[in-house]
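Please read the points below with the model open beside you.

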Protein chains: 2
Amino acid sequence: MKNPLLKGNFDFVNSLDEHSCKSVVIERYAHTGIEVWEDSVIKEDRVDFLLNGKKFLSVMCIAKHQVAHIVGFLLSEAVVEKLSDIDDVILSDDGLQVDVIAAVSQSGYENLFREKTLTSGCCIGVTGSAQKSFECSYVKTKYKVAARTLLEKIGEFNKPSALFDTTGCVHKAQLILEDGTEFTTEDIGRHNAIDKVVGQALLEQKSIKKSVLFVSGRLSMEMIVKCVMHKVPIVVSKAAVTYQGLKVAHEHGITLVGFARDEKMNIYTHSGRIMQ
Amino acid sequence: MKNPLLKGNFDFVNSLDEHSCKSVVIERYAHTGIEVWEDSVIKEDRVDFLLNGKKFLSVMCIAKHQVAHIVGFLLSEAVVEKLSDIDDVILSDDGLQVDVIAAVSQSGYENLFREKTLTSGCCIGVTGSAQKSFECSYVKTKYKVAARTLLEKIGEFNKPSALFDTTGCVHKAQLILEDGTEFTTEDIGRHNAIDKVVGQALLEQKSIKKSVLFVSGRLSMEMIVKCVMHKVPIVVSKAAVTYQGLKVAHEHGITLVGFARDEKMNIYTHSGRIMQ
């Protein structure tokens with residue numbers, strides 16, 4: 001296809017299909033006991049963005065509407081000045097690679113490779129990369145926690161802090177160690193909150209290999225990667241988990257607990273660490 | 001200070017102070033009319049991370065606990081192998097620069113500069129950079145929308161979609177143009193959803209310079225930057241706004257509306273576009 005159309009089959013409202021969600025079998029815990037349950041999680045994919053044949057970025061996203069996505073991105077980053085500068089957009093058959101053929105000025109290229117800023121919710125580097133220290137990692141600890149203890153701690157953790165009450169705008173992370181020591185912090189970014197709380201525990205010369213990490217936000221892949229890297233065996237959130245997060249947790253030995261609220265929780269992987 | 005301590009004054013639970021929140025005067029709209037109100041917003045800052053004197057990343061975060069933050073980050077990214085490899089951490093007087101002096105292996109440096117992946121909630125590039133096309137931009141349109149119309153649209157927009165109902169894990173973005181045309185999309189990342197919906201409108205050859213952008217997530221700086229770049233004059237969310245988001249909106253002529261829910265909304269900047 002050639003501009004000015006650049007139109008494919010834009011069915012623009014996400015339907016529930018194999019591109020956007022995935023069925024998984026989970027264990028759902030409540031005071032009445034554990035039941036096995038079929039649940040759906042969001043499915044995100046790594047989509048490669050290319051400009052004139054050269055890859056410049058990978059984006060974790062729902063692999064739909066990739067043409068609109070890359071066009072909006074390049075225009076918002078001032079890499080491409082206007083739509084008519086785009087000659088063509090080529091989407092690979094699997095939908096995981098999208099290449100824009102466009103006239104790009106020198107300043108446009110500079111904007112593309114400008115210094116990066118890590119913003120709220122963002123994570124880089126090791127995330128999903130073929131990095132040995134991550135790939136070979138498997139968290140093997142037999143450390144266990146009672147389900148009732150988790151539910152109690154979750155109730156405490158989910159209470160809004162003074163800063164959340166005031167601004168409605170922070171994520172919280174808490175590490176609870178085997179000896180009961182707790183470290184808590186907040187930040188605008190989920191990843192920042194985790195980095196800060198792990199850093200703090202390590203600076204206090206505590207081992208976190210037998211601990212539970214509570215976070216307030218969604219458990220997507222990069223959060224689980226941090227657990228793997230630090231060997232934190234159990235991670236819990238009141239929010240949802242994503243499919244890639246679940247996959248990494250499964251493959252690297254992390255116990256993943258989501259929707260932990262109202263005295264219930266969903267156990268997605270490695271439930272053996274949670275005692276009834 | 002020298003390792004193994006690396007300890008400063010870790011008051012680790014965020015208190016409500018000038019580092020974490022900021023008072024602002026806003027207009028609060030409800031059916032009973034508009035009142036002026038003093039509100040608090042979260043204050044994020046750009047903190048520069050350095051390794052052995054060389055800057056490698058800027059992070060938008062609450063400028064507190066920077067030592068724990070960079071230590072946790074470098075260990076989770078496998079740049080530094082263990083805490084004892086860190087010789088010192090130097091924090092600038094203003095708290096906006098933190099430099100780790102550490103023994104780093106070749107593979108550690110490689111992990112630092114590994115290919116980046118944009119994850120859910122992340123944005124790069126133009127965000128806050130000294131980029132001319134952004135710095136000189138000011139959205140001047142006199143386009144106006146009735147407050148009642150906004151509240152109605154917000155009510156519609158805030159209803160969960162089928163995908164959210166199923167997964168509990170997506171952000172939504174919607175553009176409503178002057179002629180009533182609506183574009184809606186969802187993604188795991190707020191920034192992705194905005195890129196997709198803007199891209200779609202442009203691919204349909206619609207002007208978005210008289211439009212309202214509704215988003216489901218927090219309005220931090222990078223979301224507002226996208227509005228500036230695309231000249232979308234009004235942006236609305238049911239969630240909170242951040243101080244840097246508010247600052248950019250103020251300086252670049254964007255009407256910023258937060259906490260738009262339950263038939264109320266907070267107008268943070270350029271309220272002239274919203275008619276009573």
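1. Where pLDDT is low, the predicted coordinates should not be read in detail.

2. Chain A has a mean pLDDT of 86, with 87% of its residues at 70 or more. The scores of the model are ipTM 0.84 and pTM 0.86.

3. On conventions: this is a predicted model, in which local features need pLDDT of at least 70 and side-chain atom pairs count only at pLDDT 80 or more, while totals for chains, interfaces and linings use all residues; side-chain values use heavy atoms, with hydrogens and water left out. Residues are numbered from 1 along each chain as its sequence is written, and chains are lettered from A and ligands numbered from 1 in the order in which they are written.

4. Chain A contains eight helices and 15 strands; these are DSSP runs numbered from the N terminus (helices H or I, at least four residues; strands E, at least two). Of its 276 residues, 62% count as buried, where buried means under 20% relative accessible area, exposed over 50%, and partly exposed in between (1.4 Å probe, protein chains only).

5. Which residues of helix H4 (residues 147-157) of chain A are buried? They are A:Ala147, A:Leu150, A:Leu151, A:Ile154 and A:Phe157. These residues lie on the same side of H4(A), because they cover an arc of only 125 degrees around the axis; the arc is taken from the directions from the helix axis to the C-beta atoms. A:Glu152 and A:Glu156, on the other side of H4(A), are exposed.

6. Chain B has an open sheet of eight strands with mixed pairing, in the order E2-E1-E14-E13-E12-E11-E9-E10. Two strands pair if DSSP finds at least two bridges between them. Strand E2 (33-42) and strand E10 (182-187) of chain B are the edge strands, each pairing on one side only.

7. Within this sheet, strand E9 (residues 171-177) and strand E11 (residues 211-215) of chain B run antiparallel and are joined by five bridges. B:Ile176 has B:Val212 in E11(B) as its bridge partner.

How values were computed: pLDDT = per-residue confidence, 0-100.
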